[in-house]
Amino acid sequence: MKSTFTVLALGAILMMLVAGCQQSTVRGPQGKALTLTVPATVTIDRGQTQVIEVGLARTDFTSPVRLSLTNLPHGVTARESSKTVETTMATFVIQAANDAALVTNQAVSVRAQGPDGMATTEQFRLTVRQ
Amino acid sequence: MKTLALLTVVGLLALVVGCEERGSTGTTVTNTTGGTLTLQAPAEMTIKRGEIANVMIDIKRENLEGPVSVRFDNLPAGVTAVDRKQIVGNQGEFNFKAADTADLVSNHQAKVTASGSGGIAATKPLTITVTNGE
């Protein structure tokens with residue numbers, strides 16, 4: 001079972017590595033670990049909606065992970081800026097208003113909080129285009 | 001008196017049947033090793049062209065460990081499932097995107113399948129309606 005999880009987690013991480021991503025791992029007691037993977041860059045056009053996929057690899061635990069998204073540019077909103085997930089990946093849906101601030105490579109943070117105080121934060125660069 | 005007794009019996013039967021229906025909203029399957037997987041999903045979903053909609057999938061398991069994969073089949077043309085996630089707990093949110101040119105359909109019959117270890121899989125119908133964006 002543990003090996004199945006590991007293979008799946010490695011597969012997801014590998015896929016995101018190929019696509020370009022940022023990732024960090026926090027380790028907890030009894031071998032637990034939580035790896036958060038986010039895309040390196042995201043681009044959205046004013047007036048458009050975009051899905052952001054976040055990878056969550058759990059080692060030796062299966063409990064929910066709390067995710068939060070912060071520091072979005074003015075005029076860009078997330079359908080849910082925080083959520084608790086029980087999946088290997090999570091999706092944030094963001095929308096840029098027609099008058100959203102035009103920014104290039106603004107750092108947006110994703111924080112993941114697991115059990116036993118495990119928490120890690122990663123950032124991706126968000127560009128809003130006309 | 002007989003009428004009252006009859007009405008009482010009918011009422012009790014209705015209550016029992018009602019309880020069974022409420023308790024059977026999911027599809028449950030059992031594998032050869034005694035593991036069970038129950039899939040609970042909304043019966044229907046409406047999505048607008050050009051937008052993203054989601055459904056929450058609930059899983060109940062007994063004697064079944066490991067991630068559960070979720071697959072959507074027979075989606076309307078132009079509607080795609082955007083998630084590649086697996087459920088490691090008991091619940092997952094799955095998103096769909098309808099293209100600007102997605103077919104406008106009413107009560108289109110798609111299906112959702114949850115698959116766990118050992119080949120166990122439960123399937124439920126999912127009725128999808130695609131409407132014009134504006």
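Okay, let's start where the chains meet: 17 residues of chain B are in contact with 15 residues of chain A. Keep in mind that this is a predicted model. Which elements of chain B give two or more residues to the side that touches chain A? Those are strand E7 (86–87) and strand E8 (91–98) of chain B. E8(B) gives the most, with three residues. As for the kinds of residue on that side of chain B, you'll find five nonpolar, seven polar and five charged.

Now let's step back and look at chain B as a whole. How many helices and strands does chain B have? There's one helix, plus 10 strands. Chain B has 134 residues, and 25% of them count as buried. Here's another number for you: take the contacts in chain B with a separation of 6 or more, and 64% of them are between residues 24 or more positions apart.

So what about the inside? In soluble globular proteins, nonpolar side chains tend to be buried together. Here, the largest nonpolar core has 25 residues. Which residues have the most contacts inside that core? They're Ile57(B), Ile59(B), Val70(B), Val79(B) and Ala114(B). Several strands of chain B give two or more residues to this core, including strand E2 (36–40), strand E4 (52–62) and strand E9 (108–115). E10(B) gives the most, with four residues.

Leaving out residues up to four places away in sequence, Ala114(B) touches Leu37(B), Leu39(B), Ile57(B), Ile59(B), Val68(B), Val70(B), Ala121(B) and Ala122(B). Apart from that core lies another one, of 24 residues, and among them are Val76(A), Ile94(A), Ala96(A) and Ala112(A).

Let's finish with a sheet in chain A. Five strands form an open sheet there, in the order E1-E2-E4-E8-E6, with antiparallel pairing. Why do strand E1 (21–27) and strand E6 (76–78) of chain A each have one side without a neighbour in the sheet? Because they stand at the edges, each with a single partner strand. On average, neighbouring strands of this sheet are turned by 25° against each other, ignoring direction.

Zoom in on one pair: strand E2 (residues 33–39) and strand E4 (residues 49–59) of chain A run antiparallel and pair over five bridges. If you want a spot to look at, find Thr35(A), which stands opposite Ala57(A) in E4(A).

Notes: Residues are numbered from 1 along each chain as its sequence is written. Chains are lettered from A and ligands numbered from 1 in the order in which they are written. This is a predicted model: local features need pLDDT of at least 70, side-chain atom pairs count only at pLDDT 80 or more; totals for chains, interfaces and linings use all residues. A residue is buried if 20 or more other C-beta atoms lie within 10 Å of its own, exposed if 12 or fewer, and partly exposed in between; C-beta atoms are placed from the backbone. Two residues are in contact if their C-beta atoms, placed from the backbone, lie within 7 Å. Ala, Val, Leu, Ile, Met, Phe, Trp, Tyr, Cys and Pro count as nonpolar, Asp, Glu, Lys and Arg as charged, and the others, Gly among them, as polar. Two strands pair if DSSP finds at least two bridges between them. Axes are lines fitted to C-alpha atoms, for helices over the stretch in contact, and angles run from 0 to 180 degrees between N-to-C directions. A nonpolar core is a set of buried Ala, Val, Leu, Ile, Met, Phe, Trp, Tyr and Cys residues joined through C-beta atoms within 7 Å.
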